[in-house]
Amino acid sequence: MTATSPRLKHEVKDLALAPLGRQRIEWAGREMPVLRQIRDRFAQEKPFAGIRLVACCHVTTETAHLAIALKAGGADALLIASNPLSTQDDVAASLVADHDIPVFAIKGEDNETYSRHVQIALDHRPNIIIDDGCDVVATLVQQRQHQLADIIGTTEETTTGIVRLRAMFRDGVLTFPAVNVNDADTKHFFDNRYGTGQSTLDGIIRATNILLAGKTIVVVGYGWCGKGTAMRARGLGANVIVTEIDPIKAIEAVMDGFRVLPMAEAAPLGDLFVTVTGNKHVIRGEHFDVMKDGAIVCNSGHFDIEIDLKALGAKATEVKTVRPFTQEYRLQNGKSVVVLGEGRLINLAAAEGHPSAVMDMSFANQALGCEYLVKNKGQLEPGIHSIPTEVDQEIARLKLQAMGIQIDTLTSDQIEYTNSWTSGT
């Protein structure tokens, strides 16, 4: 049941879930020391005073800490879900009840509700947009041209979203600065690789309870998310096949010890398929036709279009739910294909997303990316901007400090050597 205030200040499943959400948010905070330090500084300095901010993110315990930090910094913040199956309803309830943050997110919301929430976010007339997948920014540009003057900038932390932003810039419609959080070293090296790798397999195991050891797992795409997924699958004893379109990434997968095949050849061999490309229809009708009976397919890319579910549905004589987040498609050829999480992010649909420790760095980048936009208001050109190197380094330094790990520093002689061209062998 949806709990909605008369003025539509929130739309969450049930505010009575708030106590459980509060407990889980507090637990996640134990592993997020970097964002905690940023929040404490924000509370003193108030860098977002007078700033209206919209965040379109997966509504998880980790995202809660980002929202709390932004509000502590003075932001008039509103949160919506970036994916219909990624919301944790107890977390959404706690943010409303305990922190007075407007949240519009319900796990399992349909596309119509999701689109309505995007419109509610834009009704907030944001100055800064934190986007996961670029839906809010794309809707703003397509439907709310009159609000472009309000925008200071946006931050984006998904590969899919960055691809869309680059296309928008090429088309001349991105008229404000966008901070590329996704490509920050302290984001994609850790979040995409270790976070996606662990949480994807966590979601698969929770949804199916299958043994991965001895299975043939096909990882579709060998970017940082694919690398992490392949690495963790091999660690659990799976035989991993990688499919790729990029020859450099394909060579890297080969030299990392994985078998590389075209999808047409991998499709008959796989027991389990995981898509992590950010593209559409990387598993298509012709692939379903040759899969083993009972083959399992799932997605850990941002949108559910990586698997061509319409083509699969057209081939099916029956579709039934066999476990939570697990649907079996019985095909006309007598075989079945099992789809997890409706083709949406399996790590968030069936599990809890990335571990807090890795999201600590990702959301530190989000928070500091927003601060960077505010500090440089009117000075940044329209287009895509990287997180400053010094910010990336500071996040890594704080993380190491929190972990109790020390590293070396250069001596004066070494500094002189690295800055000189006259010294040789």
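**Notebook: pocket, patch and salt bridges**

I began with the largest pocket and found that α8 gives the largest share of its lining, 5 residues. The model is predicted, so I kept in mind that local features need pLDDT of at least 70, that side-chain atom pairs count only at pLDDT 80 or more, and that totals for chains, interfaces and linings use all residues. Residues are numbered from 1 along each chain as its sequence is written, and side-chain values use heavy atoms, with hydrogens and water left out.

**Entry 1, pocket.** I looked up the volume of the largest pocket, which is about 1100 Å³. A pocket here is an open set of points on a 1 Å grid over the protein atoms alone, with protein on both sides within 12 Å along at least five of seven lines; lining residues have an atom within 4 Å of a point. The volume is the space filled by probe spheres set on the points, which are joined across faces, edges and corners; the probe is 1.4 Å. I counted 50 lining residues, with Thr-159, Cys-225, Val-276, Thr-277 and Gly-278 nearest the centre. Two or more lining residues come from each of α3 (61-72), α7 (159-170), α8 (185-208), α9 (224-235), α14 (346-349) and α15 (356-375). Helices (H or I, at least four residues) and strands (E, at least two) are DSSP runs, numbered from the N terminus. By class I noted 15 nonpolar, 23 polar and 12 charged residues in the lining. Ala, Val, Leu, Ile, Met, Phe, Trp, Tyr, Cys and Pro count as nonpolar, Asp, Glu, Lys and Arg as charged, and the others, Gly among them, as polar.

I noted a nonpolar surface patch of about 330 Å² made by Ile-251, Val-254 and Met-255. Such a patch takes residues with over 30% relative accessible area and no salt bridge, with nonpolar side chains (Val, Leu, Ile, Met, Phe, Trp, Tyr) joined within 5 Å. Areas come from the Shrake-Rupley method with a 1.4 Å probe, and for residues only the protein chains shown count as cover. Val-254 lies in helix α10 (residues 247-255) and is partly exposed at 47% relative accessible area. I use buried for under 20%, exposed for over 50% and partly exposed in between (1.4 Å probe, protein chains only). Gly-235, in helix α9, is exposed at 65%. Its C-alpha is 9.7 Å from that of Leu-212, 23 residues apart in sequence.

I counted 23 salt bridges, each a side-chain nitrogen of Lys or Arg within 4 Å of a carboxyl oxygen of Asp or Glu. One joins Glu-11 and Arg-116 at 2.9 Å, N to O. Glu-11 is in strand β2 (residues 11-12) and Arg-116 in helix α5 (residues 111-123), so this pair ties together parts 105 residues apart in sequence. Glu-11 is buried at 6%, whereas Arg-116 is partly exposed at 36%.

I then looked up Arg-166 and Asp-183, whose closest N and O atoms are 3.4 Å apart. Arg-166 lies in helix α7 and Asp-183 in the loop between β8 (177-180) and α8, so the pair ties together parts 17 residues apart in sequence. Arg-166 is partly exposed at 39%, and Asp-183 is partly exposed at 37%.

In the bridge between Glu-252 and Lys-227 the closest N and O atoms are 3.2 Å apart. It links helix α10 with helix α9, the two residues being 25 apart. Glu-252 is partly exposed at 30%; Lys-227 is buried at 12%.

Key: Patches are made of residues with over 30% relative accessible area and no salt bridge: like charges are joined within 9 Å, nonpolar side chains (Val, Leu, Ile, Met, Phe, Trp, Tyr) within 5 Å.
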